[in-house]
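Hi,

Here is the structure I said I would pass on.

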Amino acid sequence: MRKEPDGFRDYVAARQEHLLGLARLLVGDWQRAEDLVQTALARVWPHWARVNASGDPHPYVRRVLINASHTARRRRWRNEQPHAVVPESAAPTEDTELRVALERLLPTLPPRQRMVLVLRYYEDLPESAVAELLGCSVGTVKSQSSKALSRLRTNRLIRELAGEGTDE
């Protein structure tokens, strides 16, 4: 059995909630998000000394998480259906109605649009970094972001929660 790498446990303790939130937004439910984070951390663990030597391991771990998300989406067993009810212990505690509505609507977006929005606005990455992470052009990031935001804006629930009128 290999010895636990120095600093790995501290990193996981400090970043676990953030990684779970990111994964939740990427895949759409808590159970798959937990599996995704576990998979990503298991992939990083054997290389931790090298990853941690760079100074800030989070960009590398985020990249592994995104890659694992792509892999999971391609390999996901299609007969398994996630449940709409999230266990109370896994649910965030300080969400506004708008945030909850957005989290409910994110899974309705196509996967690429969802990833662009999560990386751009949840991770607060510049368009160029999102393009690099997703292996596409900055123009693609801009267009996918625009399409996703437009699609979310057309949702009546979002307009009502944002205080906009629903009369057209």
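**A buried charged pair, and what surrounds it**

Glutamate 123 and arginine 62 are both buried, where buried means under 20% relative accessible area, exposed over 50%, and partly exposed in between (1.4 Å probe, protein chains only). They form a salt bridge, with the closest N and O atoms 2.6 Å apart; the rule for that is a side-chain nitrogen of Lys or Arg within 4 Å of a carboxyl oxygen of Asp or Glu. This pair links distant parts of the chain, 61 residues apart: glutamate 123 sits in the loop between helix H6 (111-122) and helix H7 (127-134), and arginine 62 is in helix H4 (residues 58-75). Helices here are DSSP runs (H or I, at least four residues), numbered from the N terminus.

Before you read on: this is a predicted model, so local features need pLDDT of at least 70 and side-chain atom pairs count only at pLDDT 80 or more, while totals for chains, interfaces and linings use all residues. Residues are numbered from 1 along each chain as its sequence is written, and side-chain values use heavy atoms, with hydrogens and water left out.

**The other salt bridges**

The count comes to three salt bridges. Glutamate 4 pairs with arginine 9, with 2.7 Å between the closest N and O atoms. Glutamate 4 counts as partly exposed because its relative accessibility is 33%, and arginine 9 counts as exposed at 56%. Aspartate 29 pairs with arginine 32 at 3.4 Å. Here aspartate 29 is buried, at 5% relative accessibility, whereas arginine 32 is partly exposed at 23%.

**The core**

The largest nonpolar core has 41 residues, and Leu41, Leu65, Leu119 and Leu134 have the most contacts inside it. Such a core is a set of buried Ala, Val, Leu, Ile, Met, Phe, Trp, Tyr and Cys residues joined through side-chain atoms within 4.5 Å. Several helices each supply at least two residues, among them helix H2 (30-44), helix H3 (48-53) and helix H8 (138-153). H1 gives the most, with 10 residues. Leucine 65 touches Leu19, Leu22, Ala23, Leu36, Val37 and Ala40, leaving aside residues up to four places away in sequence; a contact means heavy atoms within 4.5 Å.

**Helix H6**

Buried residues in H6 include Arg114, Met115 and Leu119.

Cheers
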